[in-house]
Amino acid sequence: MTALAAAAASLALLLAGCSSTPANTPAADGTADTISGDVAVSAAASLKGAFDTAIDEFTAAHPDVKITANYDGSSTLATQINGGAKVDVFASADEANMAKVTDPGLASDPVIFARNTLVVVVPKGNPGGVTTLQDLANKDLSVVLCAPEVPCGAASQTLLKNEGVTVTPASQEQNVTAVLTKVSNDEADAGMVYKTDAATTDQVDSFVPDGADQVVNSYPIVVLKDAPNKAAAQAFVDFITGADGQKILDSFGFDQP
């Protein structure tokens with residue numbers, strides 16, 4: 001090989017090395033991983049504990065994927081998405097707020113992945129003596145509810161209406177976490193949250209009110225049409241709806257879809 005040919009060969013090898021794309025870190029099972037990059041998840045506040053655990057498990061299996069979760073009331077999240085927020089996955093606590101995203105064509109074919117029911121929560125020791133749903137109508141008690149546009153608020157209003165109970169709430173919160181926080185901090189005599197939220201703290205007591213089994217929230221999840229990272233987003237949705245994700249949700253008290 002002449003000196004000129006050798007130089008050309010060396011240059012070709014150098015260029016080949018520069019243009020190659022680094023392979024993804026192998027998946028946890030040792031196989032080649034095909035997904036990577038950032039994934040933005042907007043999820044109902046009531047999903048925080050379960051989704052934090054699910055994200056840890058999913059990203060451990062896919063080391064090149066980084067998931068950032070935004071937890072809030074489903075109505076707030078739907079408004080953010082409709083306002084142009086860059087989101088890959090939306091998980092709502094009800095179908096009504098999911099429709100606010102699918103009806104304008106921002107996503108399609110959401111999948112129900114969990115269900116949840118309401119409980120009444122009171123501060124530890126129940127200083128207000130609340131033992132029935134009807135007790136919430138007592139005007140001497142301070143009762144906090146989710147706002148009507150929030151899934152837990154809509155469910156609360158339906159349950160109260162079904163049972164013929166009229167409540168004048170001291171406040172209406174924008175997510176279920178805010179209701180739980182006020183009751184657990186003894187800032188209210190009672191509130192209504194999901195059973196999965198009540199189970200996250202030992203600072204409250206709770207009971208299942210009559211009629212709660214007739215007001216069940218279904219949780220849908222979807223990949224947004226303009227998701228910046230569709231492949232990884234769909235993989236995360238598949239994980240949540242699959243056996244491993246369902247096992248995590250079950251451990252946090254969610255009912256199967």
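**The disulfide and its surroundings**

Author: Cys146 and Cys152 are joined by a disulfide, with 1.7 Å from S to S, where a disulfide is taken to be a pair of cysteine sulfur atoms within 2.5 Å. In general, such a link is a covalent bond between the sulfur atoms of two cysteines. The structure holds 1 disulfide, and the link of Cys146 and Cys152 is left-handed, with -100 degrees about the S-S bond.

Before going further, please keep in mind that this is a predicted model, in which local features need pLDDT of at least 70 and side-chain atom pairs count only at pLDDT 80 or more, while totals for chains, interfaces and linings use all residues. Residues are numbered from 1 along each chain as its sequence is written, and side-chain values use heavy atoms, with hydrogens and water left out.

Cys146 counts as buried because its relative accessibility is 0%, and Cys152 counts as buried because its value is 1%; here buried means under 20% relative accessible area, exposed means over 50%, and partly exposed lies in between, using a 1.4 Å probe and protein chains only.

Rings of Phe, Tyr and Trp (its six-membered ring) pair if their centres lie within 6.5 Å, and planes under 30 degrees apart count as stacked, over 60 as edge-to-face and the rest as tilted. By this rule there are 7 aromatic pairs, among them the edge-to-face pair of Phe113 and Tyr219, with 6.1 Å centre to centre and 80 degrees between the planes. Phe113 lies in strand E4 (residues 111-123) and Tyr219 in strand E9 (residues 216-223), so this pair ties together parts that are 106 residues apart in sequence; helices (H or I, at least four residues) and strands (E, at least two) are DSSP runs, numbered from the N terminus.

Finally, consider Ser206, which has its place in strand E8 (residues 204-207) and is partly exposed, because its relative accessible area is 43%. Leaving aside neighbours within four places in sequence, Ser206 is in contact (heavy atoms within 4.5 Å) with Val119, Val120, Val121 and Ala198.
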